[in-house]
Amino acid sequence: MTNKLKITFLLGIFMMIFSSNMINAQLKPGELVDGIAAVIGDEIVLESDVNEQMHYAKQQGASNTDKCEFLENLISNKLLVYEAKKDTLIENRSAAIKEQANAKYRQLLSQFPDEKTMLAAYKFRNGYEMKNAIEKIDTDQYYGQAKYQRVTEKADVTPNEVTDFYNLYKMQLPEVKDEISMAQIVMYPKLTEAHKDDLIKRLKKIKQDILGGETFESQARIYSEDEGSAATGGLYKNIYKGQMVKPFEAAALNLQENEISEPIESEFGYHIIQLLKKSGKVYDARHILLKATPTDDEIKTAKAKLDSIKGLIQDGKMTFKDAAFKFSDDKRTKFNAGVIPGADGSDKIERESIPGTISYELAGLNKGDITPAFEEEENKRKLVKIIKIEDVIPAHQITLETDYNRIKQMALNKKKNEMVEKFVNSKLPTIFMSIDGRYDSCNFKANWKKESLKK
C-alpha cells in the first residue's frame, strides 16, 4: 500500500514514557541524555519522545526501526496539537486533564506498597515528574484526537470508492484469521436487602464517627474501597459536571460546602460524599466507597435467572435480541441485540484474541449455541453472562463479498489520513518549525525540513 503520511496519537499508555526513563538509565558515557528533536510552533518534540515511541512500538512487536518515521509521526501529531489549542471550537480541558493525570497517578500508586517503590519501578525521580509525564501524554492525546476529528468529520466513502480501494490494494490486504461473531446478556448480581442494609449501616457508622471528630480524609484512607482516591483521603478535585455517575453528582451538588451526604447507591456500590467547594460547573469532593461485591449465593441466584432466560430463548418464547434488550445490564450491547463489537468496530472478533475464560465456555459450541451462565470479572466488578455464537468465520483472504464493511472502514481511514495530510501541508508555511541537525539525513514524506529552512 502507498506509504501515506501517517498520523499517530500518543495513547494513554504509560509504558511509552516509563520505558524511555529505563533507556536513559542505561546510557553509555558520551551519549546524549536528551535534547530537542523538533519545534513546531510552541510545541516541542524531545529526543526522548522519539525513543519512547520506538521502544513502545518494539514492545508491541513492530518491526519498523526507522527513527525518522517515528519523528515524523510525532511532528505530525504536535502540529495537530498546536492547531487544536488555537481552535475555539475545541474545549480547553487543561484543568480536567491535570486532575485526570493525578487520578491515574493515584490509581497506579494503589498497586504498590508505597510511592517510593512505584517511582523506582518506573524510573522517575519524584512524583511531580511522573505526574507531568502522564499529563503530557493525556494532553497530546486529547488535543491531537480532537483536531483529527474536526479535520475529518465530513469524511465519507461511496460504494464505488470502496470497490476502487479494494481493486487497488487487494493483493496487499491481510488474510483474516479465524473469527467469531457473538452476542451476550450480562447481569450484575443483585445484592440481598440484608447485604444492602449492612453496607448502609457501615457507612452511617463511619459518618457518625466523622461527625464525632474523626476526619473524612482519615476515614476514607481506612475504609474506602475506591483504589483511585482512597490513598488521598477520597479526594477528587476539579470535577466537571457530567464527569461522575449521575447518583454521585446529584448527591454531591445538593450538599452545602463541607456537608456530608447520607449513603447513596451507584453502579459502583454505596458512598457517602462530602462537598468541599463548588464554583460554576466545577466542584471538589471527597467520598468513601463500599463496593457492592456480591456473595457466592447472590452470584448463584443471578446465574439461575440467566439460565432460565436461556431456556425461554431456546424454547422459542423469546428472541436473544429481545432478551438482551429486556434483561442485559451491559449498556454497550443491550441496544444492539447483545452483539459484542470487535476491535475494528465490526461484529467480528478474532478467536485468538478472546479471553481464556470465555474461550473455555465456547469450547465445543457451534453457530446458534448458547453457553450456560458463567461468572466473569470486568473492571474489578463481578458479573454473570450468557453468550450466543452468532456466526463462525473461518480464516480467509479479504473479499468484497465477505468483508465489505471492513474494506469500507479501511478506505475511509485512508481518506481521513489524506485529509489530515492535506491539512498539515496547508499549515506548514504558516508555522515556525525547526528540526535538529541530527535528522538532516532523513527522507521525510512531508516538506518538514524545507519549511524549517524558511524560518
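**Entry 1: the largest pocket**

I started with the pockets, and the largest one holds about 1600 Å³ of space. A reminder to myself: this is a predicted model.

Next I asked which residues sit closest to the centre of that pocket. I found Val-245, Glu-267, Phe-268, Asn-379 and Arg-381, out of 46 residues that line the pocket.

I then sorted the lining by class, and I noted 19 charged, 17 nonpolar and 10 polar residues.

**Entry 2: H4 and its partner H6**

H4 packs with helix H6 (residues 127–152) at an angle of about 130°, and I read 9 Å between their axes. That angle makes H4 oblique to H6. The crossing of these two helices is right-handed.

I wrote down who meets whom. On the H4 side I have Ser-94, Ile-97, Lys-98, Gln-100, Ala-101, Asn-102, Lys-104, Tyr-105 and Leu-108. On the H6 side I have Gly-127, Met-130, Lys-131, Ile-134, Glu-135, Asp-138, Thr-139, Tyr-142 and Tyr-143. By class, the contact of H4 with H6 comes to eight nonpolar, five polar and five charged residues.

**Entry 3: H11 and H12**

My last stop was another helix pair. Helix H11 (residues 296–314) packs with helix H12 (residues 320–327) at about 150°, and their axes lie 10 Å apart. How do the two helices run relative to each other, roughly parallel or roughly antiparallel? H11 is roughly antiparallel to H12, because angles over 145 degrees count that way. I noted a right-handed crossing for H11 and H12 as well.

Here the contact is made by Lys-305, Ile-309 and Ile-313 of H11, with Phe-320, Ala-323 and Phe-327 on the H12 side. I count five nonpolar residues and one charged in the contact of H11 with H12, and no polar ones.

Terms used:
Residues are numbered from 1 along each chain as its sequence is written. This is a predicted model: local features need pLDDT of at least 70, side-chain atom pairs count only at pLDDT 80 or more; totals for chains, interfaces and linings use all residues. Side-chain values use heavy atoms; hydrogens and water are left out. Axes are lines fitted to C-alpha atoms, for helices over the stretch in contact, and angles run from 0 to 180 degrees between N-to-C directions. Helices (H or I, at least four residues) and strands (E, at least two) are DSSP runs, numbered from the N terminus. Angles under 35 degrees count as roughly parallel, over 145 as roughly antiparallel, 65 to 115 as roughly perpendicular and the rest as oblique. A crossing is left-handed if the near helix is turned anticlockwise from the far one by less than a right angle, and right-handed if clockwise. Contact means heavy atoms within 4.5 Å. Ala, Val, Leu, Ile, Met, Phe, Trp, Tyr, Cys and Pro count as nonpolar, Asp, Glu, Lys and Arg as charged, and the others, Gly among them, as polar. On a 1 Å grid over the protein atoms alone, a cavity is a set of points where a 1.4 Å probe fits but cannot get out, and a pocket is an open set with protein on both sides within 12 Å along at least five of seven lines; lining residues have an atom within 4 Å of a point. Grid points are joined across faces, edges and corners, and a volume is the space filled by probe spheres set on the points.
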